[in-house]
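The entries follow the order in which I looked them up.

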Amino acid sequence: MSHSPHVVTVTAANFHAVVIEGSYERPVLVDFWADWCAPCRMLMPMLAKLAEQYGGRFLLAKVDTEAEQALAAQFGIRSLPTVQLFRNGQVVDQFMGALPEPQVREFLDRHLPRASDGLLQQAEAAMAGGDPAGARALIDRARAEDPDNKRLPLIEVRLLASSGEIAKALEAIDGLPLEFVSDPEVAALRGQLNFAAAIEGAPGETELNARLDADPRDSEARYQIAAHRVLRGDYECALEHLLELMKRDRAYGEDAGRKGMLAVFDLLGGGNDLVARYRARMMTALY
């Protein structure tokens, strides 16, 4: 185990270089252990075996908490064994105790890049470049090489959307496995699809703006203008229209203005300045 290129002993002196900086290149699994801990002695050989079997997809870093008490305190280690996964300089997940091997594999597979991920990235690039046939070929190749890649169903939804098959994409996203229910990426994609569905067969923005100028109470025109703006990436204008719709007509589309704002928030992510500003304005309008 000590001679493996995929397993290393870490101390305070090299922790930053090996774990923090190293996690920008590949995930680093840090095993906080102690010699007196029987579960630690059970877990460590299994982790080392997995590091070998995964062939360098992650680095296993061992921290002896008896010798490195400051490191253990820094990362909040209160029970042993504790195993933390670092990516891009941050702890992204952890588990405690000597889990069975299938559960450890499941933990790793949630976070580790797969060989087929590169093909799926190429497929997304092909979609963005207007080449759905090329994207389909790459997705089919990824499925043949790695049918267990859990991103495959989501990429299929993206392909349907990029091909203009919005109804089929919405049906497919509703059929995604339960593990995707709380995925922020799925929530954002669902919002985009709903906005795309809202303007299928709708007039262009020029006609919709004329309708709204003639009748500011035309909720359908206001919502469809917002949808056009979302799909063009003009999120501030879209949020302005959706906020106005929420103020004027909560009954339209079963509160489509408020729901539309929430969908745009999902698209932008919680740290975006527009989200902070318009969430505050939405709450003021509501209460």
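I looked up the contact (heavy atoms within 4.5 Å) between helix 5 and helix 6: Leu119, Leu120, Gln122, Ala123, Ala126 and Met127 of helix 5 meet Gly134, Ala135, Leu138, Ile139, Arg141, Ala142 and Glu145 of helix 6. By class, I noted nine nonpolar, two polar and two charged residues there. Ala, Val, Leu, Ile, Met, Phe, Trp, Tyr, Cys and Pro count as nonpolar, Asp, Glu, Lys and Arg as charged, and the others, Gly among them, as polar.

The model is predicted, with local features needing pLDDT of at least 70 and side-chain atom pairs pLDDT 80 or more, while totals for chains, interfaces and linings use all residues. Residues are numbered from 1 along each chain as its sequence is written, and side-chain values use heavy atoms, without hydrogens and water.

I then read the geometry: helix 5 and helix 6 pack at about 165°, with their axes 8 Å apart. The two helices are therefore roughly antiparallel (angles over 145 degrees).

Next I turned to helix 7 (residues 152-162), where Leu152, Leu154, Ile155, Glu156, Val157, Arg158 and Leu159 are buried (under 20% relative accessible area, 1.4 Å probe, protein chains only). Their cover includes helix 5 (117-128), helix 6 (132-145), helix 8 (166-174) and helix 9. Just after helix 7, I found Gly164 with a positive phi of about 85°.

Finally, I checked helix 9 (residues 184-198) against helix 13 (residues 256-268): they pack at about 130°, with axes 8 Å apart. Their contact includes Gly191 and Phe195 of helix 9 and Gly260 and Val264 of helix 13.

Note on methods. Axes fitted to C-alpha atoms, helices over the stretch in contact; angles between N-to-C directions. Helix = DSSP H or I, 4+ residues; strand = E, 2+ residues; numbered from the N terminus. Buried < 20%, exposed > 50% of the residue type's maximum accessible area, 1.4 Å probe, protein only. Parallel < 35°, antiparallel > 145°, perpendicular 65-115°, else oblique.
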